[in-house]
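Reader: Please take a close look at one part of this model for me. I would like to go through the salt bridges and their surroundings.

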Amino acid sequence: TGAGAVWAATTTGRPLLRIDPRTARVAASLSVPAGAVAADRSGVWAVCCQAGARRGQLTRIDPATGRVVKVIGLPGHAYAVGIGPSGVWVRGTGRLWRIDPTSNRVLATIRLPFSNGGTGQPDGDIAVTEDAVWVSDPAAATVWRIDPQHNQVDGTRWEADGSDLAVAADGVVWATSDTRLLGLGGSEVRGPRRNLHELNTDRITTVAAAHDGGLWLGTPQGLFHVDQSVLGER
């Protein structure tokens, strides 16, 4: 969500959908290749392409008109994108690229470490906070913390085999692992590691921040809301 709409990438990579959050209807279908998308006030950012393409690309879109503002070539495949105060961040195979939204230029390339037998398969997610960038690597059951001030992995890692990451209203980054939620922040875990058996599910498949400070959790059994008071429990 961002720039006044919900943006959705389709399984075919085309088109990119703009959904009106008030009516839940598709307001526009854009002929933009998109395997993943992120949006904020600066615009909408979509990445592609899938395996087989020589290079990846980051496409910047004007949310008001739906027109492509800039296409930025990347030196490898691109699979995930996140945006925040430190810029636009794109995940590739074993790489993380930092893009300046003002100049639309790649500022840095960061090598991502693999751990616990991970293959670096690019099916993770990116979350950007005020002072850090968080990258999940489900194949390695790891979430890495990147220091944007020095453009390097700071050596901090947490075990979590979920793919999605979400930033709650209080700035805590939440990762998933089976039926557990792991709250991350700074140099230590800020939130609880909890087994949410009351959800009656065997796995959390996706997580997103709710406007009330809680979280929305997607599971094979349905969609659940976790209240902010529950997230604050130890």
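Author: Buried means under 20% relative accessible area, exposed over 50%, and partly exposed in between (1.4 Å probe, protein chains only). This is a predicted model: local features need pLDDT of at least 70, side-chain atom pairs count only at pLDDT 80 or more, and totals for chains, interfaces and linings use all residues. Residues are numbered from 1 along each chain as its sequence is written, and side-chain values use heavy atoms, with hydrogens and water left out.

Now the salt bridges. A salt bridge is a side-chain nitrogen of Lys or Arg within 4 Å of a carboxyl oxygen of Asp or Glu. The structure holds 5 of them.

Start with a network: salt bridges link Asp131, Arg145 and Asp154. Arg145 is buried, at 11% relative accessibility. Its side chain meets that of Asp131 at 3.8 Å, N to O. Asp131 sits in the loop between strand E12 (126–128) and strand E13 (133–137), and Arg145 in strand E14 (residues 142–147), so the pair ties together parts 14 residues apart in sequence. Strands (E, at least two residues) are DSSP runs, numbered from the N terminus. Asp131 is partly exposed, at 48%. Arg145 also forms a salt bridge with Asp154, at 2.8 Å, N to O. Asp154 is partly exposed, at 30%.

Next, Arg203 and Asp161. Their closest N and O atoms are 3.8 Å apart in a salt bridge. This pair links distant parts of the chain, 42 residues apart. Arg203 lies in the loop between strand E20 (194–195) and strand E21 (206–209). Asp161 lies in the loop between strand E15 (152–159) and strand E16 (165–167). Arg203 is partly exposed, with a relative accessible area of 32%. Asp161 is partly exposed too, at 23%.

Notes. Helices (H or I, at least four residues) and strands (E, at least two) are DSSP runs, numbered from the N terminus.
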